[in-house]
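Please look over the model shown here before reading on.

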Amino acid sequence: MPMSPLCNVTHPFLDADGDKLREECGIFGVIRASEATATTALGLHALQHRGQEAAGIVSFDGSEFYARRGLGHVAENFSSSEAIAALPGHMAAGHVRYSTTGGSGLRNVQPLFADLASGGFAVAHNGNISNAMTLRTDLVNKGSIFQSTSDTEVIIHLVATSRYPTIADRLVDALRLVEGAYALIVMTPEGMIACRDPLGIRPLVMGRMGDAIAFASETVAFDVVGAELIREIEPGELVLVDFAGEIRSVRPFGSPPARPCIFEHVYFSRPDSVFAGRSVYEARKAIGVELAIEAPCEADLVVPVPDSGVPAAIGFAQQSGLPFELGIIRSHYVGRTFIQPGDGARHSSVKRKHNANRALVEGKRIVLIDDSIVRGTTSLKIVEMMREAGAKEIHFRVASPPTAHSCFYGVDTPERSKLLAARMELEPMREFIKADSLAFISIDGLYRAVGKQGRDKTCPQFCDACFTGDYPTSLTDLAAAEAKSVQLPFADPKAA
């Protein structure tokens with residue numbers, strides 16, 4: 001079977017502070033397309049913001065599977081005609097990733113592929129399995145041999161060891177054992193399967209382009225490839241598409257209340273996408289409106305921290321009646337391969353991406369709007385940069401509630417001890433970033449901005465665990481790790 005991974009040189013990701021919640025992954029798949037691989041590469045390009053460490057595509061030509069994976073951006077791996085030609089067939093699926101579970105490295109680049117007893121099986125996974133280590137340990141003890149450190153491979157082994165007769169039933173059997181968040185695109189010799197976890201934490205949508213059916217993490221991918229949005233994949237739903245074009249839908253997990261990730265509205269999704277039935281751009285503007293209502297201030301200008309703070313800043317400015325101005329200019333040419341400076345210039349890391357528009361902000365009272373504060377180090381540097389540019393007052397407004405808890409559903413967050421909001425109350429946070437004032441949107445304000453009357457405390461409409469600590473699923477691996485750490489001090493030192 002032709003399998004030829006492409007290995008590129010690893011480039012350091014330019015985020016020295018780790019001060020942004022990073023999108024977990026993006027997936028795209030298409031079946032019954034005359035140019036399946038080219039379409040998939042284009043779809044992945046539209047989802048590049050969701051993962052910039054690696055990209056991969058697997059295709060199927062009716063008899064054999066072909067794979068090409070590489071570290072780096074989609075364009076680094078799939079821009080040549082030779083790369084596309086090496087992946088023939090009318091079905092293909094692709095993946096862009098950051099390393100959440102499993103770490104970086106070519107062996108963890110998806111889609112993952114295995115030859116099962118029933119034939120080839122490829123899977124692209126967006127999310128995180130919160131009991132992966134527990135399942136993996138059990139599988140290894142029973143004889144499974146893992147080729148990667150990715151939690152996604154657990155799904156492959158569970159499918160391989162299932163005793164059900166059909167591949168769809170085996171997949172359902174496997175997913176019944178899985179905790180956490182997942183959106184999957186699966187390729188088999190019979191066709192393509194797309195599914196979403198029972199709570200719908202991670203996004204997945206379905207579209208049509210002629211006779212072809214496509215699946216993607218975001219609707220913007222359909223805009224780029226020329227597909228028409230059909231609908232979202234429902235939480236807990238499996239959609240099966242065969243090569244004749246027959247589409248089947250099954251819902252084997254019941255109908256628990258959905259809990260899609262609310263941070264898709266705040267930051268992850270592209271603003272030109274639609275998520276949970278609402279324009280992401282409009283939702284972010286509405287967040288700015290709510291923020292201006294909840295935390296107004298006297299100022300001369302509203303300035304976004306580009307690019308993620310722009311829609312919320314527009315909403316804030318419109319609601320408050322203040323001018324919206326680009327007081328910070330972002331360089332779009334700072335890439336992954338940017339040469340790192342010496343120690344004497346490391347403090348200027350923010351200025352390589354952002355620079356104050358001195359002529360505009362000097363002597364002004366400004367409202368800075370950003371999407372979130374994670375560690376707080378970038379916020380501090382931006383405030384200091386604006387002070388150096390002569391801003392008279394700096395009022396920091398945040399378009400999300402305080403991020404005080406880690407995410408275990410596929411988002412690359414620091415450990416909780418490194419989250420500023422987990423360590424400090426509001427006033428110490430303000431002092432840390434050196435702003436004249438600091439305010440976050442409330443959790444109810446965020447819910448109102450995305451179209452709800454407020455947060456239903458008894459049954460929240462979204463997954464908001466990074467703000468509230470209210471995790472919608474069990475966290476088996478975390479509980480096991482914590483139990484182990486608690487027991488360590490009581491261990492017999494002679495036992496070693």
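The text below describes these parts of the predicted model in turn.

An open sheet is formed by 7 strands in the order 3-2-4-1-10-9-11, with antiparallel pairing. Strand 3 (65-71) and strand 11 (228-232) are the edge strands, each pairing on one side only. On average, neighbouring strands of this sheet are turned by 15° against each other, direction ignored. Between strand 2 (residues 54-60) and strand 3 the antiparallel pairing runs over 7 bridges, and S59 stands opposite Y66 in strand 3. Helix 1 (residues 36-46) packs on the sheet and touches strand 1 (25-31), strand 2, strand 4 (91-97) and strand 9 (205-209). The direction of helix 1 makes about 25° with that of strand 4.

Helix 5 (residues 152-161) is largely enclosed by the rest of the structure, because 8 of its 10 residues are buried. Among them are V154, I155, I156 and L158. The buried residues of helix 5 pack against strand 5 (112-116), strand 6 (119-129), helix 4 (132-141), helix 6 (167-175) and strand 7 (180-188).

| Core | Residues in core | Named members |
|---|---|---|
| Largest | 41 residues | F263, V302, V367, I369 |
| Second, separate | 30 residues | F121, L139, L158, I193 |

In the largest core, the four residues named have the most contacts inside it. Elements that each supply at least two residues of this core include helix 8 (263-268), helix 10 (310-320) and strand 19 (365-370). Helix 9 gives the largest share, 6 residues. Leaving aside neighbours within four places in sequence, V302 is in contact with residues including A313, F316, L322, F324, V367 and I369.

Technical notes: Residues are numbered from 1 along each chain as its sequence is written. This is a predicted model: local features need pLDDT of at least 70, side-chain atom pairs count only at pLDDT 80 or more; totals for chains, interfaces and linings use all residues. Side-chain values use heavy atoms; hydrogens and water are left out. Buried means under 20% relative accessible area, exposed over 50%, partly exposed in between (1.4 Å probe, protein chains only). Helices (H or I, at least four residues) and strands (E, at least two) are DSSP runs, numbered from the N terminus. Contact means heavy atoms within 4.5 Å. A nonpolar core is a set of buried Ala, Val, Leu, Ile, Met, Phe, Trp, Tyr and Cys residues joined through side-chain atoms within 4.5 Å. Two strands pair if DSSP finds at least two bridges between them. Axes are lines fitted to C-alpha atoms, for helices over the stretch in contact, and angles run from 0 to 180 degrees between N-to-C directions.
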